Amino acid sequence: MAVVSVAIMVSFHLKNEPSPVERRIALPIGLLFWLLSAACLANGLANYVKTVVKYGRRRALVQSGWKTQVTFTIVACAIVAVCVLFLSTNAEKE
């Protein structure tokens, strides 16, 4: 997701120049994706640390909790929303 955020922020296009609307929304959406990737990384690190601590006590149960589910639900909703946004701006351009 961090790579996607950088690609969004630099308005990566192969065929043509980005529209003014795309340039205006590129930075906020890129920052949003960067923050979501940092949240996913922190969530994964917390799950890892919790599992290692429980392994030390020989009581490890590796599973995701409600915080992980909420984080990835937010990420999934953001991805779908940005896809719809990009498709709508592309439809307006053509």
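## A walk through the helices

Start by selecting Val82, which counts as buried at 8% relative accessibility (buried means under 20% relative accessible area, exposed over 50% and partly exposed in between, using a 1.4 Å probe and protein chains only). Before going on, note that this is a predicted model, where local features need pLDDT of at least 70, side-chain atom pairs count only at pLDDT 80 or more, and totals for chains, interfaces and linings use all residues. Residues are numbered from 1 along each chain as its sequence is written, and side-chain values use heavy atoms, with hydrogens and water left out.

**Around Val82.** Val82 belongs to helix α3 (helices are DSSP runs of H or I with at least four residues, numbered from the N terminus). Which residues does Val82 touch, not counting those up to four places away in sequence? Show Ile29 and Phe33; contact here means heavy atoms within 4.5 Å. Val82 and Ile29 are 53 residues apart in sequence, yet their C-alpha atoms are 7.9 Å apart in space.

**Along α3 to Thr71.** Next, select Thr71, found in helix α3, residues 66-93. At 17% relative accessibility, Thr71 is buried. A polar atom of its side chain lies 2.8 Å from the backbone oxygen of Lys67. Beyond its neighbours within four places in sequence, Thr71 is in contact with Ala39, Cys40 and Asn43.

**Two packed helices.** Now colour helix α1 (residues 2-9) and helix α2 (residues 20-56), which pack at an angle of about 170° with their axes 8 Å apart. The axes are lines fitted to C-alpha atoms, for helices over the stretch in contact, and angles run from 0 to 180 degrees between N-to-C directions. The two helices, α1 and α2, are therefore roughly antiparallel to each other, a label for angles over 145 degrees. On the α1 side, the contact is made by Ala2, Val4, Ser5, Ile8 and Met9. On the α2 side, pick out residues including Ile29, Phe33 and Trp34. The residues of this contact divide into 10 nonpolar, 3 polar and no charged (Ala, Val, Leu, Ile, Met, Phe, Trp, Tyr, Cys and Pro count as nonpolar, Asp, Glu, Lys and Arg as charged, and the others, Gly among them, as polar).

**Last stop: the cysteines.** How many disulfides does the structure hold? There are 0, a disulfide being a pair of cysteine sulfur atoms within 2.5 Å. Cys83 itself is partly exposed, at 42% relative accessibility.

Terms used: Polar contact = N/O pair within 3.5 Å; in protein donor to acceptor, adjacent residues only side chain to side chain. Parallel < 35°, antiparallel > 145°, perpendicular 65-115°, else oblique.
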